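Trainee: I have a protein model open and would like to read it step by step. Where do we begin?

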Amino acid sequence: MNKITFLFSILFCNLFFAQTFDWETAVDNGATVSQTVSSIKATVSTSNNDVKFVDAGGLGGTTGNVVFGESTNASTFAIIMFDVAVDVATIEAFDAALSGGDTWTFTPDVSSGHSALLAAITGTVTTVSLNWTGVTSITVTSAAPGGLDTFGFDDIVLGSATIAPNVVNSPATPIATTSATLFGNVTSNGGTVITERGFVYSLTSVDATPTVGESSGANVTKVVVSGTTGAFNQVISSLIGSSEYSFAAYAINSIGTSESSVETFTTLDVSSATNCMVTNPYDITNTDVADAHLGQSFIACETGVLQSIALLVTFNSGSTGETINVYSGAIVDSGNLLGSVTGQTFTENGGVASNVDVTDFSSEGINLVAGQVYTFDIPTTVNLVYTNDNGYTNGDLYFNGSANGGNFDLIFDVVIEASSLSLENKLLEDSISIYPNPVLDELHVEVENSFQIESLELYDISGKLLKTFNAVNNHNDISNVKSGLYIVKIITNEGPLTKLIVKK
């Protein structure tokens, strides 16, 4: 049985002079290690409560005393606690087994108000910029299988050093023929206010490494996204079908501009992406009109991007400045809002029942999942036509935000364009399975043929990335995910595969 060694070397300093926690007395099999320097007490512990410290200079490229723990099982997390709130500028980290390559998550205490930070850690020292203020603890976890890893730390620098921000990105998803949703995250503001953040992108064939500095030219497009730190996303449209694009997230503060690594995506082939339509047609024998706050629930006919919603306006009438809201589920509630189109003019053209008024949603990036219920709602008084013979049997008409039920349905057409989350390779589909489904705690993957799985990604039904499993095994823990329907994207050596799961 291998002995797992857990190592620390901790050095504290402020902006003016070094404050060093120099662990001079070795202690075997201690549950914690602590020391007080200049009235600040730091305590180191691990999840297996097995910590000791010795002088082991040179390990991982460090020098001086290091603190480590050892056990037959590696710790799933390490935690450093301070007895007072401190400002932390940077931390040096390394894989103490000297065989790293995992992503580590540095999480400050919730009360500090800072977001967790992800960093790729190897067997040599990496300086991770935190720039957190008012921190009382730092918990470190790893994306290694089961979260097991041999964490190692050297200098932890206290202070409020101001540097450029830290920003990362994630793969684009979903992807359609002419649009995609990009994802970024400003994990640290660098110690000062973020003045701008967003994305830059270009056709890979024209510029494979787009930068903010190039965005003033014709080849690179910059999209500004409001906000400061934390996760953000943006739908980009008017793209070319069947084309590869490169993009990066960026953030700017008073010190400078930071850009993430470059990700690529390929828009769908126009010939392979199909549209589906959910519809309730006009029926002259069972038709009424209403000038009221109305809406309609429906079931998505495809997993993809909402393209348009068409409604039949009362003959020879119209209205301006209207809004259409789209919600997940069968409840008109702000917590379920997926997106809106505002400032619309609704008109009925020429008194013909087939002349529906179409509202374009293609640029809003509203992602729908086949078989799930959604609701659109107009919160004003639009004069709309509806049937009273329950023409659409899978939904309800909504009046003043509440389901009216029974035999009432708006005349509507909802168009959905298939996205990359629904176009699957048939051989992949047949060769890879996930179980159990529904799942409670752990999601398992079974692979046939020669396919190799590189990672798993868990998305909610709106297309938001929730978790990434970099090392896929039979212990993909989703126990902390709330009950509901989710999309699992399986990244393989032959391309992606997506499946729907139900979390109990």
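**Strands, rings and backbone**

Mentor: We begin with a strand pair. In this predicted model, strand S34 (residues 453-460) and strand S35 (residues 465-469) run antiparallel and are joined by 4 bridges.

Trainee: Which residue in S35 is the bridge partner of Tyr-459?

Mentor: Look at the bridges between S34 and S35, which number 4. Tyr-459 takes part in bridging to S35, and the partner there is Leu-465.

Trainee: How many residues of strand S34 are buried?

Mentor: A residue counts as buried under 20% relative accessible area. S34 has 8 residues, and it is largely enclosed by the rest of the structure. The number buried is 6.

Trainee: How many strands does the protein have?

Mentor: Count the helices and strands separately. There is 1 helix. The strands number 38.

Trainee: Are the rings of Phe-199 and Phe-247 stacked or edge-to-face?

Mentor: A search of the whole structure finds 12 aromatic pairs. In the pair of Phe-199 and Phe-247, the ring centres are 6.3 Å apart and the planes lie at 65°. Planes over 60 degrees apart count as edge-to-face. So this pair is edge-to-face.

Trainee: How many residues apart in sequence are the parts that this pair ties together?

Mentor: Phe-199 lies in strand S14 (residues 196-203). Phe-247 lies in strand S17 (residues 244-252). The pair therefore ties together parts whose separation in sequence is 48 residues.

Trainee: Are Tyr-392 and Phe-412 buried or exposed?

Mentor: Their rings have centres 5.3 Å apart and planes at 85°, so they form an edge-to-face pair. Tyr-392 is in the loop between strand S27 (373-387) and strand S28 (397-399), and Phe-412 is in strand S31 (residues 412-418). Both residues are buried.

Trainee: What is the relative accessible area of Asn-131?

Mentor: Asn-131 lies in strand S10 (residues 126-142). Its phi is positive, about 50°, although it is not a glycine. Most residues other than glycine have a negative phi. Asn-131 is buried, with a relative accessible area of 7%.

Trainee: Is Asn-316 buried or exposed?

Mentor: Asn-316 is in the loop between strand S22 (304-311) and strand S23 (318-328). Its phi is also positive, near 60°. Exposed means over 50% relative accessible area. With a value of 66%, Asn-316 is exposed.

Trainee: Is the peptide bond from Tyr-435 to Pro-436 cis or trans?

Mentor: Pro-436 is in the loop between strand S32 (432-435) and strand S33 (442-447). Most peptide bonds are trans. Omega from Tyr-435 to Pro-436 is near -10°, and the bond is cis.

Terms used: Residues are numbered from 1 along each chain as its sequence is written. This is a predicted model: local features need pLDDT of at least 70, side-chain atom pairs count only at pLDDT 80 or more; totals for chains, interfaces and linings use all residues. Side-chain values use heavy atoms; hydrogens and water are left out. Helices (H or I, at least four residues) and strands (E, at least two) are DSSP runs, numbered from the N terminus. Rings of Phe, Tyr and Trp (its six-membered ring) pair if their centres lie within 6.5 Å; planes under 30 degrees apart count as stacked, over 60 as edge-to-face and the rest as tilted. Buried means under 20% relative accessible area, exposed over 50%, partly exposed in between (1.4 Å probe, protein chains only). Two strands pair if DSSP finds at least two bridges between them.
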